[in-house]
Amino acid sequence: MNIILLGPQGSGKGTQARILCEKFGFSYFESGAYLRRIAEGNFELKEFLSTGKLVPDSEMTSYLSAYFDKENLYDNIIFDGFPRTVEQYNFWKNWLANRKMKLDLVIALQINEEETIKRLSARRMDPKTSEIYNLITDPPPAGFDESKLVHRDDDKPEAIKVRLDLYKKRTEPLILELKKDTKVVELDGERPIAQIAEDLAKLVEGIKNGN
């Protein structure tokens, strides 16, 4: 079973993905974290990501297809942040079909722009582990030295607004395209985490049971 999690930055995709993985045993693929790892050895990509812009479709699909083929990973995955465009989706749909796999569910979490900026402005990264925390909703564990956390350039208001604009222009048309091929469920992402998680678990269980 393959699931795509969509939503503007800060909508809680990562949190909900981790909950689903723990409950159902999915593999979790977060494209942003993967690209940041690659960028450590690729100055051009690092500079590109710091502006909040999307990686070009051809490069993105090349990076990801190489990774999944190397890992022999094609099923039981939650995808966070990929595909982001219609072009990426068409490539990925064909790529899955060639491996006799398919997409089973798309979950789109919805939050407003003000909430996105509020949430992302509070995000910090541990430079050693790349673990992402939110000083408001998901702080580091007790005793952790918060002064060691990094406020990434792409989590600052200017870059956030660029990403939101790109999301509206490129990802929202993607949702319309996805609806032609598979089940797409849009949920209010501003509700409590536990409430959203309960709804998502019911969705997954329903599909696993053939409903």
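In this predicted model, Pro140 touches Tyr133, Leu135, Glu146 and Leu149, residues up to four places away in sequence not being counted. Pro140 lies in the loop between β6 (132–134) and α7. The relative accessible area of Pro140 is 10%, which is under the 20% cut-off, so the residue counts as buried. From Pro140 to Leu120 the C-alpha to C-alpha distance is 15 Å, with 20 residues separating the two in sequence.

The buried residues of α7 are Ala159, Ile160, Arg163, Leu164, Leu166, Tyr167, Thr171, Leu174, Ile175, Glu177 and Leu178. In an α-helix there are 3.6 residues a turn, so residues three or four places apart point the same way.

A helix pair was also examined. Helix α2 (residues 31–39) and helix α4 (residues 57–71) have axes that come within 12 Å and cross at roughly 95°. Because the crossing angle falls between 65 and 115 degrees, α2 is roughly perpendicular to α4. On the α2 side, the contact is made by Ser31, Tyr34, Leu35 and Ile38; α4 contributes Met60, Tyr63, Leu64 and Tyr67. By class, seven of the residues in the contact of α2 with α4 are nonpolar and one is polar, while none is charged.

Key: Residues are numbered from 1 along each chain as its sequence is written. This is a predicted model: local features need pLDDT of at least 70, side-chain atom pairs count only at pLDDT 80 or more; totals for chains, interfaces and linings use all residues. Side-chain values use heavy atoms; hydrogens and water are left out. Buried means under 20% relative accessible area, exposed over 50%, partly exposed in between (1.4 Å probe, protein chains only). Helices (H or I, at least four residues) and strands (E, at least two) are DSSP runs, numbered from the N terminus. Axes are lines fitted to C-alpha atoms, for helices over the stretch in contact, and angles run from 0 to 180 degrees between N-to-C directions. Angles under 35 degrees count as roughly parallel, over 145 as roughly antiparallel, 65 to 115 as roughly perpendicular and the rest as oblique. Contact means heavy atoms within 4.5 Å. Ala, Val, Leu, Ile, Met, Phe, Trp, Tyr, Cys and Pro count as nonpolar, Asp, Glu, Lys and Arg as charged, and the others, Gly among them, as polar.
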